[in-house]
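Keep the picture in view as you read.

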Amino acid sequence: MAELLGVNEVVNIVGTGPDAAYKIIRELNSELKERGFLVVRGRIAENYLRERLNLERGKECLTDK
């Protein structure tokens, strides 16, 4: 089962600020919604986030914050 991530988790994975993380969540949720999936505002499925960013589980984009 996919874990739904909030903005803080996305910030940690992607290495951006909260504003950019919210933008990423909105964009990915929009993609999912267009494909017929139900979405939760302000949350994103971890597996979809990692798929779209081409990240393996346990890896982050940026580790220098």
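## Just past helix α3

Start with asparagine 54, which sits just after α3 and takes a positive phi of about 55°. Keep in mind that this is a predicted model, so treat each value here as computed from that prediction.

## Inside helix α3

Now step back into the helix itself. Glu46, Tyr48, Leu49 and Arg50 are the buried residues in α3. What do the buried residues of α3 pack against? Their partners are β1 (4-5), α1, α2 and β2.

Glutamate 46 and arginine 50 form a salt bridge through their side chains, at 3.0 Å from N to O. They are four residues apart in helix α3, so about one helical turn separates them. Glutamate 46 has a relative accessibility of 8%, and because buried means under 20%, it counts as buried. Arginine 50 is buried as well, with a relative accessible area of 8%.

How many salt bridges does the count come to? The count is two. Arginine 52 is partly exposed, at 41% relative accessibility.

Why can such pairs form at all? Side chains of opposite charge can pair when their charged atoms come close.

## How α2 meets α3

Take a look at the two helices together. The axes of α2 and α3 come within 11 Å and cross at roughly 100°. That angle makes α2 roughly perpendicular to α3.

On the α2 side, the residues in contact are Ile24, Leu28, Glu31 and Leu32, and they meet Tyr48, Leu49 and Arg52 in α3. Sort the residues of this contact by type and you get five nonpolar, no polar and two charged.

## The nonpolar core

Finally, the largest nonpolar core has 15 residues. Leu5, Val10, Ile13, Ile44, Tyr48 and Leu49 touch the most other members. At least two residues of this core come from each of α1 (7-14), α2, β2 (44-45) and α3. Which element gives the largest share? That is α1, with five residues.

Conventions:
Residues numbered from 1 in each chain as written. Predicted model: local features only at pLDDT ≥ 70, side-chain atom pairs only at ≥ 80, totals over all residues. Heavy atoms only, no water. Salt bridge = Lys/Arg side-chain N within 4 Å of Asp/Glu carboxyl O. Buried < 20%, exposed > 50% of the residue type's maximum accessible area, 1.4 Å probe, protein only. Axes fitted to C-alpha atoms, helices over the stretch in contact; angles between N-to-C directions. Parallel < 35°, antiparallel > 145°, perpendicular 65-115°, else oblique. Contact = heavy atoms within 4.5 Å. Nonpolar A, V, L, I, M, F, W, Y, C, P; charged D, E, K, R; others polar. Core = buried A, V, L, I, M, F, W, Y, C linked by side-chain atoms within 4.5 Å.
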